[in-house]
Amino acid sequence: MQLEINVIDAFTNTVFKGNSAAMIITESWLSEKLMQSIAFENNLSETAFIVLDNKGTYHIRWFSPLTEIDFCGHATLASAFVLFKKNPTLTSIKFSAEAVGVLAVKQTDHDKIQMDFPNTKPEKVSDIPDSLLAGLSIVPIEVYKNSQAYFVIYDSESDVLNVERDNDALKQLAPLDVVVTCQAKSADYKDYDFISRYFWPANGGDEDPVTGSAHTGLAPLWAQRLGKNTLVAYQASKRGGVLDCVVAGDRVLISGHAVHYLTGFITVEE
C-alpha cells in the first residue's frame, strides 16, 4: 500500500532548522511493528501517526527510530501544521494520546501554532545518580527530575553549549533522558529567557534538535526561578529552535512556527 508522508521542520520559520518530524495519516492504526519500521527508516527524531475518529478527534502516536514515545511536542506541531494546511477552514484541532490525554492546538494571529500541554514541572533531586555525573563533563549546580528527564542546571551559556556527554553512561538512566539548561544572560541570547539542550541516547539518539515536550518541564521550572509566566526559550542544538512558553496553572502553552519540507509517498506491506 502507498501512504502519504509529510516532513516538516518544527519550531523554526526556516527550512533545515528546528526539528524535523514525519507525519502519516491512516484510516486505522498500522501494526506497531510497521510503524516502528517506518520510523526507523525515516531516521528522524520522530514520526507521528494520525488516525481521525468519528467525533473529530485526531488520535496521535509518536515513534523515534528506537521506540514509541509517550509524548512529543515537535511532531505534534508538525502534524497540526499539515492538518491546518489540508483543511483551511480548521482553526483548532484536538489530539488525543494515551499518556497525556487530550491536547488542544490552535493557530494564532502571529502565524504560529499554539499547543496546550500538561504542566510537567520537575522536582529537585537530592541524590544525583552516579551515571548522570559520569555522563556529563561539567558538574551540575542543581538537578531536577520529572517523568521524562533529568534537568541539569548550569550557571552559564558556555556550560550548556560546551558540555560533553558520555552516551554509555547516560543510557544507564533509561527510561529518562537528560536536559541541560541555564538562564539566558549574555548578549548573544538577549532575546531569550533560558536556553537548553536535550540528550536522549536511551530513547532516540545523541541529541534532539528541539524538544517541545521537555519545555513542559523547563517552562515551569524557569517561571518559578525567574518570577514570570511568559517566557521565550531557545534550544541550542546545531539546528536550533525557538519556543514561546506560557505557564498557566497545570497547563503549559507552547507555540512555534513550522515550515514544509517534503510531501511524498512510501510503499509498504502490512
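## A bridge between R239 and D9

In this predicted model, the side chains of R239 and D9 meet in a salt bridge, with 3.3 Å from N to O; a salt bridge here is a side-chain nitrogen of Lys or Arg within 4 Å of a carboxyl oxygen of Asp or Glu. The pair links distant parts of the chain, 230 residues apart, since R239 sits in the loop between strand 15 (230-235) and strand 16 (241-248) and D9 belongs to strand 1 (residues 2-10). Helices (H or I, at least four residues) and strands (E, at least two) are DSSP runs, numbered from the N terminus.

R239 is partly exposed at 27% relative accessibility, whereas D9 is buried at 1%. Buried means under 20% relative accessible area, exposed over 50%, and partly exposed in between (1.4 Å probe, protein chains only).

## A bridge between E142 and R225

E142 and R225 form a salt bridge whose closest N and O atoms are 2.8 Å apart. E142 lies in strand 10 (residues 142-145) and R225 in helix 6 (residues 215-226), so this pair ties together parts that are 83 residues apart in sequence. E142 is buried, with a relative accessible area of 17%, while R225 is partly exposed at 37%.

## The wider set

The structure holds 13 salt bridges, and E32, R61 and E68 are linked in a network of salt bridges.

## Basis of the values

Residues are numbered from 1 along each chain as its sequence is written. As the model is predicted, local features need pLDDT of at least 70 and side-chain atom pairs count only at pLDDT 80 or more, while totals for chains, interfaces and linings use all residues, and side-chain values use heavy atoms, with hydrogens and water left out.
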